[in-house]
Amino acid sequence: MGLSLSALAERKTLWPWLLLAPLTIYLALFFLVPLVEVVIMSVTEPRPGLANYEKVLTGSLYRKVFLNTFGTALLVTLCCLLVGYPLAYLMSTVSKRAAMGILLLITMSFWTSFLVRTYAWMVLLGNNGPVVWLMQTLGIAEPPPLLFTRLSSTLAMVHILAPYMIMNIYTVMQKIDPSLIRSAESMGAYGKSLFRHVYLPLTAPGIANGSVLVFVICLGFYVTPVLLGSPREQMAAGLIGNQIEQFLAFGLGSAMSIVLLVVTLVILGIYHRRFGLDKLYG
Amino acid sequence: MSAYLRLAGVNKTFGSFTALGHIDLEVEKGEFVTFLGPSGSGKTTTLMVIAGFEQATKGEITVADQSLAHLAPQERNIGIVFQNYALFPHKTAAENVYFPLQMRKVGKKQGIRKAEEMLELVGLAGFAHRLPKELSGGQQQRVALARALVFEPDLLLLDEPLGALDKNLREQMQIEIKRIQKRLGVTTIFVTHDQTEAMSMSDRIVVFSNGAIEQAAAPLDIYHRPATRFVADFIGESNLLEATVTDAASGKAQSPVLGEVTCGAEGLPPLTDDQAVTLLIRPEHLKLSREPKEGRQNAQMVIETIVNYGDNAVVIGHVGDQQIRVRVPGADVVILKEGDSCHFSWTADAVFVLDK
């Protein structure tokens with residue numbers, strides 16, 4: 001009797017672990033092991049030591065690329081906010097049905113592969129594309145180059161990432177208690193001060209969520225800046241790709257990846273202390 | 001003395017639905033008036049029309065003889081406490097109370113000081129720097145009250161503000177709101193569907209039903225001299241019995257359930273012979289006994305259920321199909337049994353007559 005009881009107790013403590021095992025093994029095998037390998041590579045290739053990190057953190061090219069990456073991520077986040085906030089507000093004020101319509105349009109573009117969307121921008125902005133044609137028709141004899149510039153890559157990234165911003169802000173706006181607005185009005189708040197003192201602070205969590213998501217995703221963006229951006233304004237992910245594919249500099253590429261990862265984690269950490277990371281999932 | 005707040009023929013329709021029929025109401029300065037009625041009776045709609053969040057389809061509202069018609073909610077100088085308090089979650093208690101002053105361009109230093117004084121008045125000294133989520137329901141309620149009063153509004157509107165509080169806290173807040181209202185002398189309209197709340201707080205109760213005012217009178221008048229059957233039924237517990245007037249001069253009526261009844265409560269409407277009426281007898285005005293009581297009017301019933309409240313009990317019985325409720329002192333209840341037959345009695349001045 002005593003024996004079977006203790007066996008039962010043992011089984012009870014074992015069960016949760018057994019249930020978690022597939023997931024744990026999956027995570028370890030496909031995320032942790034590769035990550036550790038990258039870390040190891042960054043300090044062993046081509047020879048042991050911290051030379052790779054020294055190069056990444058002091059080399060002017062790398063500094064320029066990292067700064068450019070942050071600048072681009074910041075610009076894209078800002079643009080997403082400028083585009084997304086009014087759109088989310090529109091969605092939260094129109095009828096449920098109209099809001100669903102707008103949401104459908106946004107998610108439709110969201111569900112389209114971003115490779116497809118990137119190529120679509122190449123067609124739109126290309127030398128024989130409709131934008132150039134329009135400019136020529138309007139009398140601009142020599143339109144400025146659109147493709148392979150900061151403009152084209154920023155435009156495409158904003159297009160791809162804006163849904164994250166819109167959905168985060170919309171979720172928060174939708175939850176705002178209308179009686180808060182009414183009560184502010186009854187106390188004498190009009191449009192501008194109502195927005196500044198009440199509406200904007202109430203939507204701040206949505207702005208923070210959306211911005212962090214867009215910023216972090218943008219930091220590691222690869223395909224779009226590589227295909228659409230200017231080679232002189234390379235982003236970190238593109239440079240890492242170059243190092244590994246063209247120069248076979250696995251160690252340097254790994255070190256850059258780790259630096260990018262650490263910076264991303266620091267940003268998420270700051271966000272977590274301020275707002276709580278769990279808020280990202282609504 | 002002319003009325004301070006006046007609603008004249010206020011009508012509100014939403015498409016083909018009439019939310020408010022034709023509301024006429026006058027409220028004196030400093031008066032505490034309660035709008036009482038079931039949900040959907042028009043009490044909150046009336047409040048929203050006064051506040052300016054809904055526009056009256058017809059009719060006029062004036063405060064101190066000034067029409068509110070073309071004033072936005074922002075311009076009406078009306079303090080409102082919402083059902084869920086509607087405190088700004090990102091502002092501290094003091095900042096919340098300062099907000100209406102801030103909108104009136106009162107400087108931060110002076111405004112915050114005034115807000116803190118107001119918080120002290122509502123019993124929240126020392127809580128000025130807490131965020132709403134760090135305050136209990138009752139405390140949030142007090143902040144909302146302070147915020148609605150700090151700018152010295154012409155009117156204070158309270159939209160079921162105590163609905164979310166538990167019973168003890170609610171009673172405490174009833175006393176507290178009444179105290180503060182009296183002290184500041186602000187004209188107040190309080191919306192509730194809770195009749196004990198209405199009874200205990202109001203100078204006057206306005207009973208709403210189906211978008212119309214059934215009666216507007218002092219609490220005790222509403223209870224003892226209801227104007228309509230709806231009011232008699234809605235306020236307090238009641239026995240309502242059909243009857244026909246047999247002798248208008250001596251106040252006699254014939255009821256299929258009670259037999260001949262003499263009616264004598266004060267404030268009876270004028271009666272005519274053969275008029276169909278409804279008799280109202282409150283449960284606390286009936287007495288139970290084994291034998292018929294001399295000097296009182298008697299009838300017999302079978303006890304169905306006894307509901308005990310400790311200090312008193314309600315004995316529910318029936319005479320034929322008619323249910324009769326009798327409120328008895330708690331101590332009396334031990335000698336009663338369900339299924340027993342017993343007599344109940346009343347005096348003429350307990351019988352109030354309502355037009356059909």
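**Exercise 1.** In which sense do E7(B) and strand E8 (residues 187–192) of chain B pair, and over how many bridges? Determine also how the chain passes from E7(B) to E8(B).

*Solution.* The model is a predicted one. Step 1: E7(B) and E8(B) pair in the parallel sense, over five bridges. Step 2: within this pairing, B:Leu158 stands opposite B:Phe190 in E8(B). Step 3: the path from E7(B) to E8(B) leads through helix H5 (residues 167–184) of chain B, and this β-α-β crossover is right-handed.

**Exercise 2.** Describe how strand E7 (residues 155–159) of chain B is covered, and identify its pairing with strand E6 (residues 78–81) of chain B.

*Solution.* Step 1: five of the five residues of E7(B) are buried, where buried denotes 20 or more other C-beta atoms within 10 Å of the residue's own. Step 2: B:Leu155, B:Leu157 and B:Asp159 point one way from the strand, while B:Leu156 and B:Leu158 point the other way. Step 3: E6(B) runs parallel to E7(B) and is joined to it by four bridges. Step 4: B:Ile78 stands opposite B:Leu155 in E7(B).

**Exercise 3.** Which residues of helix H8 (residues 178–186) of chain A are buried, and against which elements do the buried residues of H8(A) pack?

*Solution.* Step 1: A:Ser183, A:Ala184, A:Glu185 and A:Ser186 are buried. Step 2: the buried residues of H8(A) pack against helix H9 (191–219) of chain A, and also against helix H1 (43–51) and E6 of chain B. Step 3: just after H8(A), A:Gly188 adopts a positive phi of about 105°.

Note on methods
Residues are numbered from 1 along each chain as its sequence is written. Chains are lettered from A and ligands numbered from 1 in the order in which they are written. This is a predicted model: local features need pLDDT of at least 70, side-chain atom pairs count only at pLDDT 80 or more; totals for chains, interfaces and linings use all residues. A residue is buried if 20 or more other C-beta atoms lie within 10 Å of its own, exposed if 12 or fewer, and partly exposed in between; C-beta atoms are placed from the backbone. Helices (H or I, at least four residues) and strands (E, at least two) are DSSP runs, numbered from the N terminus. Two strands pair if DSSP finds at least two bridges between them. A crossover is right-handed if, with the strands pointing away from the viewer, the path from the first strand over the helix to the second runs clockwise. Two residues are in contact if their C-beta atoms, placed from the backbone, lie within 7 Å.
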